[in-house]
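Trainee: I would like to learn how to read side-chain features in a structure. Please take them one at a time.

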Amino acid sequence: MNIEELLKGHVDSVEAALKGFEGKIATQADTIRSLETRAARPGANLFGKDPGVKDGQRMQRKGLAFDTIERAEIADYMTKGVVISGSVDAEGGFTVPLMVASEIERLIETQSPVRQVARVVQMPGRDVRFPVANTAMASGWISEKGSRAVTASPEFTGVLPPGGELYAAPQLTLAAVEDAAADLEGFVQMAVIDEFARNESEAFINGDGIEKPRGFLTGTPVATNDASRAAGVLQFIPTGNAATLGADPIGTLIATVMSMKAGYRGAPGCGWLMSTVALSTISNLKDTTGRPIYLPSLREGVPGLLLGFPVFEAEQMPAIGANAFPIAFGNWQRGYIVGDRTPLSMLRDPYSTRGFLTMYWRKRVHGSVLNSEAIKLVRCSVS
């Protein structure tokens with residue numbers, strides 16, 4: 001029996017056993033050649049004769065003589081002695097670097113589509129008034145030579161959208177930025193953008209106007225119609241129940257749409273805003289023929305339709321509950337204005353704090369209701 005056959009009696013694959021031996025024994029052939037050379041010498045004993053081993057314990061092989069202890073030593077050497085493993089630190093695992101994927105999965109922040117649907121303008125200054133005129137014009141018929149009296153002119157009001165500075169200043173160690181396998185700076189950039197979108201969306205809906213935009217739910221909406229309501233005050237339509245959408249929610253939604261003047265309804269920019277929870281309730285409503293009044297979209301990026309108008313999910317909208325305003329309907333291009341005073345900017349600062357990188361992000365944004373006739377609210381209330 002040759003050396004290879006002998007060793008195969010102890011390991012399933014000599015090649016597998018020798019894998020990782022680079023630098024000590026190059027190949028299986030080198031091992032066999034080394035053993036055969038040593039065995040060819042007169043009186044050679046590969047491991048040195050153990051005087052405690054009797055001749056009867058030896059296993060005679062042509063050209064070689066291995067006793068049971070020597071065979072065990074060969075097997076132990078081949079399978080354990082020089083194996084370098086990446087899974088155990090003591091066997092060299094600490095030399096194998098821990099790799100991290102270059103991309104970091106982020107949880108999506110809940111955002112609002114207000115900026116997408118509202119009127120967005122550039123603010124040329126900090127305090128800019130936007131004039132809003134009513135349509136109370138007067139006119140009359142007159143003969144060719146008749147005297148032309150002065151007719152009534154519209155009344156103007158000025159809207160001054162409040163705002164403030166939105167900022168973030170995350171700090172990273174320089175070592176983390178330099179050594180990270182993932183793109184930490186890119187990850188922070190996307191996370192900041194998402195957080196800014198969430199924060200300003202909250203202000204567009206619920207902001208108090210103090211160093212931030214004023215949300216359209218801020219204030220005291222009333223149930224009176226456009227003709228008898230003060231400028232800047234929104235109208236709500238009650239559900240008929242103090243804490244739910246009432247016994248006739250479809251009727252309430254239709255009344256909300258019809259409370260808006262046709263000129264606003266027919267112009268671009270009309271749609272619904274509500275939370276996902278409110279939309280799930282609305283999606284279960286059916287008309288008298290059993291057809292759902294909400295038609296979800298089958299195309300990505302295209303909103304579903306409720307009574308023929310698109311529905312935008314805004315997680316900052318209140319849930320259905322007592323005295324809440326869970327649903328809004330409006331011509332958002334006419335009704336709400338977003339004013340960007342400065343664009344989003346970032347200052348990369350590795351100097352102020354030694355050993356750290358500070359990424360200072362900022363933007364200045366304003367917002368408020370522009371035309372109070374163009375936004376209607378649904379309120380969970382009896383009246």
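The dialogue below goes through a strand, aromatic pairs and salt bridges.

Mentor: This is a predicted model, where local features need pLDDT of at least 70 and side-chain atom pairs count only at pLDDT 80 or more, while totals for chains, interfaces and linings use all residues. Residues are numbered from 1 along each chain as its sequence is written, and side-chain values use heavy atoms, with hydrogens and water left out.

Trainee: In what sense do E4 and strand E5 pair?

Mentor: Two strands pair if DSSP finds at least two bridges between them. E4 and E5 (residues 156-159) are antiparallel, with four bridges. Val132 stands opposite Thr157 in E5.

Trainee: How many aromatic pairs are there?

Mentor: Rings of Phe, Tyr and Trp (its six-membered ring) pair if their centres lie within 6.5 Å; planes under 30 degrees apart count as stacked, over 60 as edge-to-face and the rest as tilted. By this rule there are seven aromatic pairs. In one of them, the ring centres of Phe216 and Trp332 are 5.1 Å apart and the planes are at 55°, so this pair is tilted. Phe216 is in the loop between helix H7 (184-206) and strand E8 (235-238), and Trp332 is in helix H11 (residues 332-335), 116 residues apart. Both Phe216 and Trp332 are buried.

Trainee: How many salt bridges does a search of the whole structure find?

Mentor: A salt bridge is a side-chain nitrogen of Lys or Arg within 4 Å of a carboxyl oxygen of Asp or Glu. The search finds eleven salt bridges. Asp226 forms one with Lys376 at 2.7 Å, N to O. Asp226 lies in the loop between H7 and E8 and Lys376 in strand E16 (residues 375-379), so the pair ties together parts 150 residues apart in sequence. Both Asp226 and Lys376 are buried. Asp226 also forms a salt bridge with Arg229, the closest N and O atoms being 2.7 Å apart.

Notes
Helix = DSSP H or I, 4+ residues; strand = E, 2+ residues; numbered from the N terminus. Buried < 20%, exposed > 50% of the residue type's maximum accessible area, 1.4 Å probe, protein only.
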